[in-house]
Amino acid sequence: MVKKGEKVTAKVTSLVNYGAFCEVVDGDDTIKGLIHISEFSDYFVSDISQFVNVGDEVEVEVIEIITDKNQVKLSYKKIRPELLKENQSKIKETGDGFDNLKNIVESK
């Protein structure tokens, strides 16, 4: 059985506007998977076919396992650092809202 965080090869079986459906072969078992559009890149994705096409075999990371349905959620961007944004924001979310933004507003 595949594990969360594991890198696997997935074969793209179909493209939809919200992601790519895939199959991951695990021994004698075939697991259905989805790479959601948000898992292709941190940057704007207008067309998933810029990244994958039906029939492609791509390396992805397992981010969630749904055992009762024999399905996995997959990430294309997690193993491709060039698709990730660096977190340089000075505004940090806190339990009470956004810390730096709150301080800026209160000081005026």
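The exercises below, each with a worked solution, concern a predicted model.

**Exercise 1.** Determine the order of helix and strands along the chain, and state which strands close into a barrel.

*Solution.* Begin with the inventory, which gives 1 helix and 7 strands for the chain. Turning to the barrel, 5 strands close it in the order β1-β2-β3-β5-β4, with mixed pairing, and the twist from one strand to the next averages 50 degrees.

**Exercise 2.** Classify Lys 4 as buried or exposed, and identify its contacts beyond its neighbours within four places in sequence.

*Solution.* First place Lys 4, which is found in the segment before β1. Its relative accessibility is 66%, and because exposed means over 50%, Lys 4 counts as exposed. Next, with the neighbours within four places in sequence left aside, Lys 4 is in contact with Val 62, Ile 63 and Ile 65. Finally, take Ile 63, which lies 59 residues from Lys 4 in sequence, while the C-alpha to C-alpha distance between them is 5.4 Å.

**Exercise 3.** State what share of the chain's residues counts as buried, and what share of its exposed area carbon and sulfur atoms supply.

*Solution.* Of the 108 residues, 26% count as buried. The chain exposes about 7,400 Å², of which carbon and sulfur atoms supply 47%.

Terms used
Residues numbered from 1 in each chain as written. Predicted model: local features only at pLDDT ≥ 70, side-chain atom pairs only at ≥ 80, totals over all residues. Heavy atoms only, no water. Pairing = 2+ DSSP bridges. Helix = DSSP H or I, 4+ residues; strand = E, 2+ residues; numbered from the N terminus. Axes fitted to C-alpha atoms, helices over the stretch in contact; angles between N-to-C directions. Buried < 20%, exposed > 50% of the residue type's maximum accessible area, 1.4 Å probe, protein only. Areas by Shrake-Rupley, 256 points an atom, 1.4 Å probe, with all protein chains shown as cover. Contact = heavy atoms within 4.5 Å.
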